[in-house]
Amino acid sequence: MNARTGWGLLLLLGLAFPLLTDNDYHLTVMSSASIFALATLGLNLITGYTGQFNLAHAGFMAIGAYTVGILTVDHQWPFWAAFCLSGLVPVVLGLPIGLLSLRLKGHFFAIFTMCVGYILFLGIEKWESLTHGAVGIIGIPVPEALPTPFGDVSFDSPRALYYLVLGFLTLGLWVMHRIVGSLLGRTFVAIRNGDDLAESLGINLMRNKLLAFLLSVFYAGTAGGLYAGFVRFLSPDLAGVERTFDMTMYMLIGGAGTLLGPLLGALGVPWLAQYLQFLQDYRFIVFGPLLIVLVIFLPDGIVGWVRGQWLRRRASQPASVVAQEPDQQSTSVGLKGERHA
Amino acid sequence: MDMFLQQILNGLTLGSVYCLVALGLTLVYGILQVPNFAHGAFYMAGAFVAFQLMSALGWNYWLAMLAAAASVAALAALAGRWVFHPLRKSSGLHPMIAAIGLLLFLEASAQAIWGADFRRMPTPYTGMVEVAGIGIGQQRVLLVAGAFVLMAALQLFLKRTVVGATIVALAQDREGAALMGIDTHRVAMLTFAISGALAAAAAVLYAPINLVYPAMGSLVITKAFAIIVIGGMGSVPGAIAGGLIIGFAESFGAFYVSSDAKDLIAFVLLVVILSVRPQGLFTRGVL
């Protein structure tokens, strides 16, 4: 089974999901998980592929969400008009932050962005005239019906909202697939594997890291905009560093630096959390140690581990068999080998 | 003038807490080059252990502080052995994420045991002392004095004892230290234990003025990170200077600018300083 068929099956499964369940609650869990999956894809670009651990990611998601919330509730913009800005406003704010923070390397970048995340969180909480402060924004309208050749499509049912979110997640995955498969994606991976080497190859570090950062922020902001339209209530907690920790966990459990890993993590972990619901706020008593064990024993995540096994088995096969295999896998699958190269 | 003196005292109080927390963080960073995000959870654990011993078992304040320091030291040493030791050779991202896992685990555990409520820690020192015409709470005096005694003791330990010298040696050159017959694992665990004990002591000294709750460590640790970046990661004098700078900036900022801005000041200062000097105020001195 090649990669394309696998992705196709996954999309079919996503499309069929509402037919398999008539429980609106399941749809809501899945939609919310998909929104965070979209944001996690962005985090994966800057952290998994480019190697810069951005701890302010949830802050940018909150900016996207608040852009929609403030414009629709306080300025009566239509949802879609506000939504168009939800990715751009974080990028505009992210530009100076990126220019400043990306000069720092490794741990310094992580610590600096953690502080930026706190500034964003405290800013949202304290700037009451703009953001309604700790009360939050209530009553964000549902996305308006969109006219299509087949009639208007409205988004007032959980099922319609689910398909909307699924559509954006699919689009986000496809764009991300194009990015990481391109020369640009290779450039990001080269920076992760060693920025001195990357620079000596003639890669402009600052420009490429900034590009990865802004793309990831755009994903976060768009996910935030969807979140605003889906949950219809916003509070400063959305910007909290704990949200970034959540997304980091999704990314890492699935496999950082892979396309499938963060998706599986972001969709799978919330389901697991559903089964651990008797633990409620204490779910991290399970997930905390799980994260540690995973980092120690499966540092490349589940997808990374499976791929490693697969590559190893392939490598141990006779050369003639390998030669017959078409090489179309290598663009999306060859990362594991490169990391240790 | 009185208000000015009062702000100096406030700054000194805050600065002392920040110094103790930042010192542990910078020591561990110096040895392992790991930003230990779980350090704030050690701070929180120290406060809860002491709180439990004093409220449930009626222990004396000082005894409870000692027990808290000892148990958090053990906790930190175990964390060093079981979480960070196996990750010493992996990339920069993985130890950070393991530290986050540890942080989430400890915070959730504290919440499961003690609940999310805010609690007040009792202290035998509730009186006031008159200094230069202004009244100060005894606990504040105790906090500042305790912090400076601990800092001096740490400095003496690192400079004057053989065991302390092994920590400095390890921070300077890990392989060189190992070749000289220093047991690097044991020294790393010792460093974790010291950092945990300092965090617990800071928490028990500060908690009677503040409150005890599961998330109490998160803002302190974030500021401690800002402090050690400002002071130069792994530098002991840098952590002390940075802690005092942030403490004073916060107390004067809260008074002269706005009390809403208080928590922002450390981060804004960090952003400004790192924009001008990406390597920190003090170049990375080894301990």
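**Close-up views of a predicted two-chain model**

**Figure 1. Surroundings of B:Val72 in the nonpolar core of the predicted model.** Leaving aside residues up to four places away in sequence, B:Val72 is in contact with B:Phe42, B:Ala45, B:Gly46, B:Val49, B:Gly196, B:Ala197, B:Ala199 and B:Ala200. B:Val72 belongs to the largest nonpolar core, which has 203 residues, and it stands with B:Val21 and B:Ala47 among those with the most contacts inside that core. Helix α8 (residues 184-206) of chain B supplies the largest share of this core, 17 residues. In soluble globular proteins, nonpolar side chains tend to be buried together.

**Figure 2. Crossing of helices α3(A) and α11(A).** In chain A, the axes of helix α3 (residues 57-73) and helix α11 (residues 205-231) come within 7 Å and cross at roughly 45°. The crossing is right-handed. On the side of α3(A), the contact is made by A:His57, A:Phe60, A:Met61, A:Ala62, A:Ile63, A:Gly64, A:Ala65, A:Thr67, A:Val68 and A:Gly69. The residues of α11(A) that take part include A:Val217, A:Ala220, A:Thr222, A:Tyr227 and A:Ala228, together with the glycines A:Gly221, A:Gly224, A:Gly225 and A:Gly229. Sorted by class, this contact has 11 nonpolar, nine polar and no charged residues.

**Figure 3. Packing of helices α10(B) and α11(B).** Helix α10 (residues 236-256) of chain B packs against α11(B) at an angle of about 135°, and their axes are 8 Å apart. The two helices are therefore oblique to each other, and α10(B) passes α11(B) in a right-handed crossing. From α10(B), residues B:Ile246, B:Ala249, B:Glu250, B:Gly253 and B:Ala254 meet B:Lys262, B:Ile265, B:Ala266 and B:Leu269 of α11(B). By class, six residues of this contact are nonpolar, one is polar and two are charged.

**Figure 4. Contact between chain A and chain B.** Chain B gives 34 residues to the contact and chain A gives 31 residues. On the side of chain B that touches chain A, the elements giving two or more residues are α4 (93-114), α9 (216-231) and α11 (262-276). The largest share of that side, 15 residues, comes from α4(B). The residues of the side of chain B divide into 23 nonpolar, eight polar and three charged.

**Figure 5. Positive phi at A:His132 and A:Arg232.** Most residues other than glycine have a negative phi. A:His132, which lies in the loop between α7 (128-131) and β1 (137-138) of chain A, has a positive phi near 70°. A:His132 counts as buried because it has 20 C-beta neighbours inside 10 Å. A:Arg232 is likewise not a glycine and has a positive phi of about 65°; its place is in the loop between α11 and β4 (233-234) of chain A. With 17 C-beta neighbours inside 10 Å, A:Arg232 counts as partly exposed.

**Figure 6. The loop position of A:Ser154.** A:Ser154 is located in the loop between β3 (151-153) and α8 (158-181) of chain A. A:Ser154 counts as exposed because it has 12 C-beta neighbours inside 10 Å. When residues up to four places away in sequence are not counted, A:Ser154 touches A:Ala145 and A:Ala160. A:Glu144 is 10 residues from A:Ser154 along the chain, and the C-alpha atoms of the two are separated by 6.5 Å.

Key: Residues numbered from 1 in each chain as written. Chains lettered and ligands numbered in written order. Predicted model: local features only at pLDDT ≥ 70, side-chain atom pairs only at ≥ 80, totals over all residues. Axes fitted to C-alpha atoms, helices over the stretch in contact; angles between N-to-C directions. Helix = DSSP H or I, 4+ residues; strand = E, 2+ residues; numbered from the N terminus. Left-handed = near helix turned anticlockwise from the far one by under 90°. Contact = placed C-beta atoms within 7 Å. Nonpolar A, V, L, I, M, F, W, Y, C, P; charged D, E, K, R; others polar. Core = buried A, V, L, I, M, F, W, Y, C linked by C-beta atoms within 7 Å. Parallel < 35°, antiparallel > 145°, perpendicular 65-115°, else oblique.
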